[in-house]
Amino acid sequence: MKSNVVPNCIRSENYMITFEVEEEKYEKTSCLFLAREAGLEYVEIQNLLEFYDDNRAQFSEMLLEAGHGLLDPRGSLLPKFYDILGLYTTFIFQKPDPDVAPPLMTDPIIA
């Protein structure tokens, strides 16, 4: 195996995905790198499964009403859909406000 290739594997009971990413190419095309180049600020990155868990109360009723078999009779997300949500990530960026000064990184000098 080449030293600049990082093997990655995602697996669960329902699937296994294996892929290779060359570090150099990945760094230059990553979402964070591209956002920084475009002048955007990182706000939040959250796995979709974590987002669902954080907002489960809001989504459970809606998913039950949709009737697509996503939830079991107790209102819990079925394992295969739980696994699928874990494959996705949300990225939130914003344009910096030009009127807001960046925070000081050192203590101000008091004269």
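Leu48 lies in helix 3, which spans residues 48–54. The model examined here is predicted. Leu48 is partly exposed, with a relative accessible area of 24%, a value that falls between the 20% limit for buried residues and the 50% limit for exposed ones.

Leu48 and Gly86 are separated by 38 residues in sequence, yet their C-alpha atoms are 6.1 Å apart in space. When neighbours within four places in sequence are set aside, the contacts of Leu48 are Leu85, Tyr88, Thr89 and Thr90. With such neighbours again excluded, Leu49 is in contact with Tyr82, Leu85 and Gly86.

In soluble globular proteins, nonpolar side chains tend to be buried together.

A search for salt bridges across the whole structure returned 1. This salt bridge joins Asp53 and Arg56, with the closest N and O atoms 2.6 Å apart. The distance lies within the 4 Å cut-off for a salt bridge. Side chains of opposite charge can pair when their charged atoms come close. Asp53 is partly exposed, with a relative accessible area of 31%. Arg56 is likewise partly exposed, its relative accessible area being 29%.

Notes: Residues are numbered from 1 along each chain as its sequence is written. This is a predicted model: local features need pLDDT of at least 70, side-chain atom pairs count only at pLDDT 80 or more; totals for chains, interfaces and linings use all residues. Side-chain values use heavy atoms; hydrogens and water are left out. Helices (H or I, at least four residues) and strands (E, at least two) are DSSP runs, numbered from the N terminus. Buried means under 20% relative accessible area, exposed over 50%, partly exposed in between (1.4 Å probe, protein chains only). Contact means heavy atoms within 4.5 Å. A salt bridge is a side-chain nitrogen of Lys or Arg within 4 Å of a carboxyl oxygen of Asp or Glu.
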